[in-house]
Amino acid sequence: MKTLKVLYLVGVVFCSLFWTVGAVAGERVLIVKITELQSGPNSEIVFDKLTVSTGLPPVQRLTKDSQNAPYELQVLDSKGEVIYTQEFDFTRYIEVPLPESGSEYQVEAPRIPLKEPEAVLVIPYLPEGVEIRVKVADEATPPAPVPSVPESSYQPADPAQEGNLYILLIASGFSGSEMSIFQNTAQEIKDYLISKEPFASRSSNIIISIYENTDDLGCENGCENIDRLTCCNSEKVMASAAASGHLYDEIIVINNTEIYSGGGYRDHGFYKDNSASTYCIVYNGSATNPMSLHEFGHSFGDLCDEYTYDDEDFSYYDCANCRARCSAWRSVSKGCQLSCDARSDYYRPEDSIMLTLGIPYYNLPSIHNGLIPRLNYFIPDVCATEEGVAYGLCKAYCEAMDCDSDTFKASDKACIKIYDKFVEYTGREPPCEAN
Ligand SMILES: [Zn+2]
């Protein structure tokens with residue numbers, strides 16, 4: 001049984017800076033930090049901080065995730081009517097990067113539970129909204145007041161395109177004079193991620209932006225006494241993303257250190273709508289690219305580590321790439337090897353980046369059972385209604401070869417050949433052309 005109450009409300013902050021400058025793209029947003037405090041068997045939900053700022057919330061989609069999240073933030077007007085809701089789940093763990101290759105194999109802790117599970121939500125600021133509360137099952141926290149702020153001028157941002165996934169790369173700890181270093185690293189990560197499946201096949205719908213942030217994001221190495229673990233201040237990261245003026249569904253923080261380190265937050269809820277609050281962090285060095293793919297696998301894909309921990313005190317949470325039986329992914333993986341994540345009795349598929357950074361790609365179970373279903377929420381699969389051979393031809397034409405776009409990746413001749421085959425099988429044009 002959970003008891004819900006507002007323990008305290010600190011730091012109602014009004015960022016007046018942006019009002020006077022007025023140059024930040026976006027509207028007013030309310031940044032809400034919510035934490036879950038454990039007190040014995042009970043948990044208490046606490047609003048830590050409410051900040052009104054200028055910027056953009058994560059991309060709001062017309063179609064909401066059909067999977068219900070366990071928690072809902074509600075904004076109430078003066079009559080007590082709910083005028084806005086945002087479902088969410090708490091971030092409960094940060095994943096520790098795997099040991100650096102060549103170093104002595106030591107797995108002191110594969111993941112660290114957050115002492116206080118947290119959720120940082122960035123939602124539109126509604127002038128008529130006077131209170132917020134969190135609803136869980138049939139209970140709700142007592143409402144907390146929303147600060148009221150004066151009208152301001154702002155630059156409307158470009159609207160998001162439905163059907164795109166927006167990833168934002170944010171600088172942490174780079175000074176103004178170091179931004180060219182940040183830009184190089186960010187561009188490399190961008191090129192690397194987009195070259196890997198399942199992102200490569202959807203590359204025309206994945207928009208990666210780079211933000212030269214100079215605000216302190218509170219990122220520190222040696223978090224929890226683990227040299228290679230970096231933790232950041234999530235509220236500052238989300239505030240920076242909001243103020244960037246870029247559209248974002250997902251965030252990767254690039255921390256200015258050459259020390260092998262990083263981290264990836266996981267909520268285990270696999271709830272897609274509020275995806276940005278689980279982000280990942282990478283360092284700036286020789287393993288940055290593969291580390292970003294691995295940590296993004298945790299924070300975006302909710303994938304498990306495929307190596308086994310010596311210490312099984314760590315609880316296992318269901319994920320696409322660990323299974324109790326090999327038959328679970330027989331259709332997409334021939335490989336099946338004993339031990340995966342915190343379960344020595346579970347199986348992992350063929351080797352992949354979630355096992356070691358030396359293998360620079362995700363395996364097929366991770367792609368087909370984890371990453372693609374998640375991508376499909378952001379980038380709907382135009383071929384979903386096709387079957388068998390027609391599905392394969394559709395995927396080749398519309399995605400792999402990208403024949404329908406101006407940036408097609410195959411020759412005109414190859415595209416025409418696949419087009420004709422699709423028409424021969426179905427009597428119709430490929431769906432991406434028909435749209
Ligand atoms: Zn990991």
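**Close-up views of a predicted model**

**View 1. Helix α3 holds buried residues S234, E235, V237, M238, A239, S240, A241, A242 and A243.** This is a predicted model, in which local features need pLDDT of at least 70, side-chain atom pairs count only at pLDDT 80 or more, and totals for chains, interfaces and linings use all residues. Residues are numbered from 1 along each chain as its sequence is written. Buried means 20 or more other C-beta atoms within 10 Å of the residue's own; exposed means 12 or fewer; partly exposed lies in between; C-beta atoms are placed from the backbone. Helices (H or I, at least four residues) and strands (E, at least two) are DSSP runs, numbered from the N terminus. Since 9 of the 10 residues of α3 (residues 234-243) are buried, the helix is largely enclosed by the rest of the structure. Its buried residues pack against β2 (27-39), β3 (42-55), β7 (111-124), β11 and β13 (250-255). G245 follows α3 and has a positive phi, near 85 degrees.

**View 2. C232 sits in the loop between β12 (206-211) and α3.** C232 has 25 other C-beta atoms within 10 Å, so it is buried. Two residues are in contact if their C-beta atoms, placed from the backbone, lie within 7 Å. Leaving aside neighbours within four places in sequence, C232 contacts S172, L217, G218, C219, V237, V253 and I281. G263 is 31 residues from C232 along the chain, and their C-alpha atoms are separated by 9.2 Å.

**View 3. T288 belongs to helix α4.** T288 counts as buried because it has 20 C-beta neighbours inside 10 Å. Its contacts, leaving aside neighbours within four places in sequence, are T185, I189, V282 and Y283. T288 and G262 are 26 residues apart in sequence, yet 9.0 Å apart from C-alpha to C-alpha.

**View 4. Helix α5 bends by about 40 degrees at L371.** The bend at a residue is the angle between axes fitted to the seven residues ending there and the seven starting there. α5 (residues 364-378) has 15 residues and reaches 20 Å from first C-alpha to last, close to the expected 21 Å. That expected span is 1.5 Å times one less than the number of residues. Among the buried residues of α5 are L364, I367, L371, L375 and F378. The buried residues of this helix pack against β11 (165-172) and α4 (288-299).

**View 5. The largest nonpolar core has 90 residues.** A nonpolar core is a set of buried Ala, Val, Leu, Ile, Met, Phe, Trp, Tyr and Cys residues joined through C-beta atoms within 7 Å. V32, I251, I252 and V253 have the most contacts inside this core. β11 gives the most to it, with 7 residues. The core draws at least three residues from each of domain 1 (13-91 + 100-145) and domain 2 (165-374). These domain bounds come from an automatic or database domain assignment. Apart from this core lies another, of 10 residues, among them C383, Y397, I418 and F422.

**View 6. Confidence is lowest in helix α1 (residues 17-21), at a mean of 32.** pLDDT is the predictor's confidence in each residue, from 0 to 100. It stays under 50 over residues 1-24, for which the model has 51 contacts beyond four places in sequence. Where pLDDT is low, the predicted coordinates should not be read in detail. Helix α2 (residues 179-194) has the highest confidence, at 98. The protein's mean pLDDT is 85, and 88% of its residues reach 70 or more.
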